[in-house]
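Hello,

Here is the structure we talked about handing over. Please open it first, then read the notes below it.

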Amino acid sequence: MKNALTLIWSLGLLAVSSAAIAQPLQHCRFDKSFLMTTSSKNDGKPSKINQTVTNIYNLNNLQSQERIGTAIVKTTNIGLNSATTGPNALYEQTSTLLFKDGTIVTLGMNDFDAEAYKYQFERAIVGGTGKYSGITGSFVVTTEGNGQFKIVSHATIPCHQ
């Protein structure tokens with residue numbers, strides 16, 4: 001009898017766990033846009049090879065201009081001049097976007113040579129915490145001038161019911 005109950009319990013556990021695995025995680029569109037503006041804490045210009053420069057930006061609601069968070073952007077000159085068409089090196093950038101309900105982390109590369117530099121680039125979203133846990137996708141960043149960058153998401157986050 002004990003073996004029969006163990007077998008029934010095991011089969012039930014297997015059925016429940018198989019059903020849970022079969023259910024795909026649902027994602028909802030994440031349609032947020034931000035305006036990143038230069039903060040007074042900026043020192044701003046990457047220079048030496050393998051040197052990392054950290055810039056702090058304010059994140060503002062695109063429509064209301066209300067401050068909604070902070071962006072910490074780290075730019076590292078990785079010294080790969082031969083990988084680009086011009087005289088300047090490639091730079092690796094990581095960004096942590098801090099909001100009151102969680103964080104979003106991005107990663108990407110930039111080539112600041114005049115012939116290669118684009119005023120629009122894409123950053124992969126590599127993770128998030130809090131409300132943004134499970135986020136997937138990317139941000140398209142457009143240089144607006146005067147230390148401002150428009151950030152538009154192409155991302156989804158797990159739906160919270």
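I68 is partly exposed, with a relative accessible area of 31%; partly exposed is the class between buried (under 20% relative accessible area) and exposed (over 50%), using a 1.4 Å probe and protein chains only. Before going on, note that this is a predicted model, in which local features need pLDDT of at least 70 and side-chain atom pairs count only at pLDDT 80 or more, while totals for chains, interfaces and linings use all residues. Residues are numbered from 1 along each chain as its sequence is written, and side-chain values use heavy atoms, with hydrogens and water left out.

I68 sits in strand β4, residues 67-77. Strands here are DSSP runs of E with at least two residues, numbered from the N terminus. Beyond its neighbours within four places in sequence, I68 is in contact (heavy atoms within 4.5 Å) with F34, L59, N60, N61, L98 and F99. Of these, F99 is 31 residues from I68 in sequence, yet their C-alpha atoms are 6.5 Å apart.

Next, the salt bridge. How many does a search of the whole structure find? It finds 1, where a salt bridge is a side-chain nitrogen of Lys or Arg within 4 Å of a carboxyl oxygen of Asp or Glu. The side chains of D101 and K131 form a salt bridge at 3.9 Å, N to O. This pair links distant parts of the chain, 30 residues apart: D101 is in the loop between β5 (90-99) and β6, and K131 is in the loop between β7 (120-128) and β8 (136-145). D101 is partly exposed at 31% relative accessibility, and K131 is partly exposed at 37%.

On the surface, V105, L107 and V126 form a nonpolar patch with about 210 Å² of accessible area together. Such a patch joins nonpolar side chains (Val, Leu, Ile, Met, Phe, Trp, Tyr) within 5 Å, from residues with over 30% relative accessible area and no salt bridge; the areas come from the Shrake-Rupley method with a 1.4 Å probe. L107 belongs to strand β6, residues 102-111. Why can L107 count as partly exposed? Because its relative accessible area is 34%.

Last, is S153 buried or exposed? S153 is buried, at 5% relative accessibility. Its place is in strand β9, residues 148-158. The side chain of S153 reaches the backbone oxygen of K32 at 3.0 Å. Leaving out residues up to four places away in sequence, S153 touches F30, D31, K32, S138 and F139.

Regards

Key:
Helices (H or I, at least four residues) and strands (E, at least two) are DSSP runs, numbered from the N terminus. Patches are made of residues with over 30% relative accessible area and no salt bridge: like charges are joined within 9 Å, nonpolar side chains (Val, Leu, Ile, Met, Phe, Trp, Tyr) within 5 Å. A polar contact is a pair of N or O atoms within 3.5 Å; within protein, one must be able to donate a hydrogen and the other to accept it, and residues adjacent in sequence count only if both atoms are side-chain atoms.
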